[in-house]
4 protein chains.
Amino acid sequence: MRRFEYVKDFEQPDVLLPNTWIVVRIDGRGFHKLSDHYAFVKPNDRRALDLMNAAAVEVMKDLPDLCIAYGVSDEYRKLVTTIVSTFTAYYIHLWSIYFPSTPLQPPNLPSFDGRAVIYPSSRILRDYMSWRQVDCHINNLYNTTFWTMVLQGGMSNTDAEQELKGTVSADKNEILFKRFGINYNNEEEIYKKGSVLYRQYELQDPKEAPASQEEDSLPEAKQSRSQQDKLKKLRRKAQVVVDHIDIIKDDFWERRPWILSGKPGKLPVQG
Amino acid sequence: MRRFEYVKDFEQPDVLLPNTWIVVRIDGRGFHKLSDHYAFVKPNDRRALDLMNAAAVEVMKDLPDLCIAYGVSDEYRKLVTTIVSTFTAYYIHLWSIYFPSTPLQPPNLPSFDGRAVIYPSSRILRDYMSWRQVDCHINNLYNTTFWTMVLQGGMSNTDAEQELKGTVSADKNEILFKRFGINYNNEEEIYKKGSVLYRQYELQDPKEAPASQEEDSLPEAKQSRSQQDKLKKLRRKAQVVVDHIDIIKDDFWERRPWILSGKPGKLPVQG
Amino acid sequence: MRRFEYVKDFEQPDVLLPNTWIVVRIDGRGFHKLSDHYAFVKPNDRRALDLMNAAAVEVMKDLPDLCIAYGVSDEYRKLVTTIVSTFTAYYIHLWSIYFPSTPLQPPNLPSFDGRAVIYPSSRILRDYMSWRQVDCHINNLYNTTFWTMVLQGGMSNTDAEQELKGTVSADKNEILFKRFGINYNNEEEIYKKGSVLYRQYELQDPKEAPASQEEDSLPEAKQSRSQQDKLKKLRRKAQVVVDHIDIIKDDFWERRPWILSGKPGKLPVQG
Amino acid sequence: MRRFEYVKDFEQPDVLLPNTWIVVRIDGRGFHKLSDHYAFVKPNDRRALDLMNAAAVEVMKDLPDLCIAYGVSDEYRKLVTTIVSTFTAYYIHLWSIYFPSTPLQPPNLPSFDGRAVIYPSSRILRDYMSWRQVDCHINNLYNTTFWTMVLQGGMSNTDAEQELKGTVSADKNEILFKRFGINYNNEEEIYKKGSVLYRQYELQDPKEAPASQEEDSLPEAKQSRSQQDKLKKLRRKAQVVVDHIDIIKDDFWERRPWILSGKPGKLPVQG
């Protein structure tokens, strides 16, 4: 045994930079083909989105350290693979609830890859989230217009793509409204804003909210183990909600200070 | 949008060192608790092992670049998370075949983490594999003896642990044989040797096998894209087999030169 | 040529995490032996410290992006090796000024190694600096007491070490004062506080100083190239000073806000 | 003190992949400007090359683990910065020997940066060295032709550059020979081949040399500490030589097997 043990020396450490925001991004592998195989509705399949969110809710319930993909861990690779694996497990397990008449058929099983990016301040984390939401809006407006032109307007994919080349948002809004009578503003929020998941506590009055963001910069490492366990338990009690809401403006963050401070708020009174 | 785009600068590259052997190790998360919850048989649950192997077979079928967890990729994190996610997907999907009367019950869903280690030569890769197989043997002898003492001998966990402290292999073999009439050599190979998965081609005569290992050190990057695609297709045609066999001695590797050379052999004639 | 070019693929990127504080620590290699060889005075050799500071001043003059080892760069390794090499170059070149009668004798040439550590917020950077200054004080009190016992008290190294084992600061102060009439508070500040180097601008009134540290968290990447060049030029005009002063308390940082904000202040009026 | 100690957690490990070849590349910083400032001769300044080689010889003498920049170390950053710093120290110290009438004038001090690249096999290492030597030849032929056209032919830099655009080696050889009577083959070897430094032992007969390269793949980690110390001492006894010789063909390596095997040969009998 001894003579093989040197192989351990090849393991590289992959320690995480403490006190930073870790964003773990999960991407479906070959989902273009998969969405064809299982006949996802274009441009948005509500069941598929709901399944994604349901899997994400379970990941957040399983890993109480996450809050909007906010995590603290001592090892990079384990963090990322754990999240991706847990997400995959629930995605497969919950599939039949969202697609009751479309059973999974190997080898067409959904799977995912993931990667982590580190952001050193909450300002930059918010800019990252804003970037994603702007991106979501731009893509959804394009896809909604494109598929309406194809499915309702009877255009070919190529023609629709050609006509949309170089258009700005106002142009697409006009196409939707003038040709198809669709007011893009009335589209469902989940398509326009995406989904944001977080633990739900009592909303705070933005005026009363502590202006200072300084607290989130307090070294996490200074917290005792028992204090961390206590916070973990409090987080487990909170409900994970799926919201479709503006996360670019300050309001979202000021009313939910626990997301960036990491300090659980008051549990809302049940109605 | 533009003002948020700087967030892309925080993405760190994670390029793989070319021309090395990449071992991706997958570990079950909290499987001690999970094996209790679903009442896995001690010390070895054949269904659980077969399920692991079945999921691994599907991963190898899905990712033809793998051969005994041998892979070539340009990105670390994607490689690892893809393998872990695919493994998880099949594990969950195939569960009901191996545990037909034990349905999965959330939140007790199996999930996995993974990590990659790089080995710069096939000699070191083989030493790594040897290390794992020696480890498997040592652990299984311990577990078999321990659980026999507990389940058949009626000892408490603590007493069995205490008695086994400091014993060597010969001692454990003797306990098994003298007290319980068990000849460890007769235990099933899957428990004693573990499982090795590889693509099956016609076995070669070790004497004829090219002695030189030099070919596996030929820079993979020198292969053209079309050549790589051709190899990929050939690999997809081969059957992935699960074997329980000595991988420490030269014989295993000399008869299956394709594993280390990366060059598919002849497909075996179907009986 | 072409057939060798694939070797480029082995170069690994080593990109820096933007918007963080980078501390580059430089250590003398084998300076224990070197300080013996060139007969440095114990416990502190003023010439050797002045030489270190002089070399550091030149590094800061050469690399205007540095401020208290604060830097922005796109590549880790180049940053660290450049600083270490520049430091070494000046250290060797300036040696004869500080040790006019002790010429360097190869192979006893001073050399250094270096490493970079990243801190994600200015609060943590300040904690790091505080840690170094507390460390400096503790070590200097020990060394001063030890060498006084040896050089003035005639004790052997072993006896002095033995007696000091387990003593606290108050004990060492007492030994110095009672046995040798030395009041540690009167020791030179350079020995007790270490040296801090920064660019000198007009000191600010702490009360007027902007309380917010938020500005240093503004993404550097958002600055235009020409803006960055302008800042660089302003920094080059400032004098680099060597100070021996408390950097743990707020006062130091509040009076010199340019250190953490990265924004050059007003050049002081020359007397 | 304790409250600042958490800052240690930010230090990232940077462990080296064992059993690989580490190439540390050292580049002069701003040497274009520096070579102007100190009026280096074009296209090749023999004194400057000799100074580089002299500094490199001292680095190899100082660090016996190096052999053609071959090193074994447990920490990346320290390895690289140590080599760069030692190189800089000797470069500055030896300057006055090679440029006796051109004293160094701060702030125009030479300094260097460095980076490490890892190669997993000696075949790839040799390809890397071949690539460098081919590169050296191509650049030197270009520079020799260019500067001959400018300095002897009286052409402007732009005209020479323009005429050389798109030429191949044969064209440049012809320009040199037909216009200036220069036979490129007669140029000095140091310019055409570059410099390779290694420890000198008795050359071996290529036919007797062990064909197997396998030994260099033996895990270094398996050597005992005392064995490593013994090898280190033997290496210190050998002379470091500067050679200008073909390192692309097998001959160089087969006659000097100690370079890739790491096993010191016999010291040559002194004449």
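UniProt positions here follow the numbering used for this model, feature names are shortened, and annotations may be inferred rather than shown by experiment. Keep in mind that the model itself is predicted.

**View 1. A:Gly28 and its annotated site.** The unreviewed UniProt entry carries a "binding site" annotation that covers A:Asp27, A:Gly28 and A:Asp74. A:Gly28 sits in strand 1 of chain A, which runs over residues 21-28. Leaving aside residues up to four places away in sequence, A:Gly28 touches A:Ser111 and A:Phe112.

**View 2. Helix 4 against helix 6 in chain A.** Here helix 4 (residues 122-151) meets helix 6 (residues 169-180), with axes that come within 10 Å and cross at roughly 35 degrees. The crossing of these two helices of chain A is left-handed. On the helix 4 side, the contact residues include A:His137, A:Leu141, A:Tyr142 and A:Met149, while helix 6 brings in, among them, A:Lys172, A:Ile175, A:Leu176 and A:Arg179. Sorted by class, the contact between helix 4 and helix 6 of chain A has six nonpolar, six polar and two charged residues.

**View 3. Strand 3 of chain C and its partner.** Strand 3 of chain C (residues 196-200) is largely enclosed by the rest of the structure, because five of its five residues are buried. Which way does strand 3 pair with strand 4 (residues 239-243) of chain C, parallel or antiparallel? The two strands of chain C pair in the antiparallel sense, over five bridges. To find your place in the pairing, look for C:Gln200, which stands opposite C:Gln239 in strand 4 of chain C.

How values were computed: Residues numbered from 1 in each chain as written. Chains lettered and ligands numbered in written order. Predicted model: local features only at pLDDT ≥ 70, side-chain atom pairs only at ≥ 80, totals over all residues. Heavy atoms only, no water. Helix = DSSP H or I, 4+ residues; strand = E, 2+ residues; numbered from the N terminus. Contact = heavy atoms within 4.5 Å. Axes fitted to C-alpha atoms, helices over the stretch in contact; angles between N-to-C directions. Left-handed = near helix turned anticlockwise from the far one by under 90°. Nonpolar A, V, L, I, M, F, W, Y, C, P; charged D, E, K, R; others polar. Buried < 20%, exposed > 50% of the residue type's maximum accessible area, 1.4 Å probe, protein only. Pairing = 2+ DSSP bridges.
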